[in-house]
Amino acid sequence: VDIVLRQIELNNDGLLPPPILQGQSEKVRQLSAFYQTNWLNIQIKIGGQLEQSRIDNASSSSDTLFYTDLKYVFN
């Protein structure tokens, strides 16, 4: 099991506007995790990601991603 938590603050001072935020700041939080195992000759990976973004005092937005990855392993 692999779990990663990320937190990023973009344009925190609001003084040097990047082309997208135009003088606003953004906070992004992301949690991702996956489990990987082998079964016979198949590698199985199951995971997901949750992300929350908030620009200044505006309402926040959230995204969710779940995935499964199957690979045949040649020995």
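This is a short tour of the structure, one selection at a time.

Residues are numbered from 1 along each chain as its sequence is written, and side-chain values use heavy atoms, with hydrogens and water left out. The model is predicted: local features need pLDDT of at least 70, side-chain atom pairs count only at pLDDT 80 or more, and totals for chains, interfaces and linings use all residues.

**Colour by confidence**

Start by colouring by pLDDT, the predictor's confidence in each residue, from 0 to 100. The average over the protein is 86, and 87% of the residues score at least 70. Helices (H or I, at least four residues) and strands (E, at least two) are DSSP runs, numbered from the N terminus. Among the elements, the lowest mean pLDDT, 92, belongs to strand E1 (residues 2-10), and the highest, 96, to E4.

**Select Glu26**

Glu26 lies in strand E2, residues 26-39. Here buried means under 20% relative accessible area, exposed over 50%, and partly exposed in between (1.4 Å probe, protein chains only). Lys and Arg count as positive and Asp and Glu as negative, while His and the chain ends are not counted. A salt bridge is a side-chain nitrogen of Lys or Arg within 4 Å of a carboxyl oxygen of Asp or Glu. Glu26 is buried and has no salt bridge; Arg54, the nearest side chain of opposite charge, is 11 Å away.

**Select E3 and E4**

Two strands pair if DSSP finds at least two bridges between them. Strand E3 (residues 42-55) pairs with E4 in the antiparallel sense over 12 bridges. Pick Gly48 and find its bridge partner in E4, Phe66. The two strands E3 and E4 form a hairpin with five residues between them, and Asp56 in the turn has a positive phi of about 40°. Strand E4 (residues 61-72) lies largely in the open, because the number buried among its 12 residues is zero.

**Select Asp69 and Lys71**

The salt bridge count is one. Asp69 and Lys71 form a salt bridge, with their closest N and O atoms 4.0 Å apart. Asp69 has 28% relative accessibility, so it counts as partly exposed. Lys71, at 44%, also counts as partly exposed.
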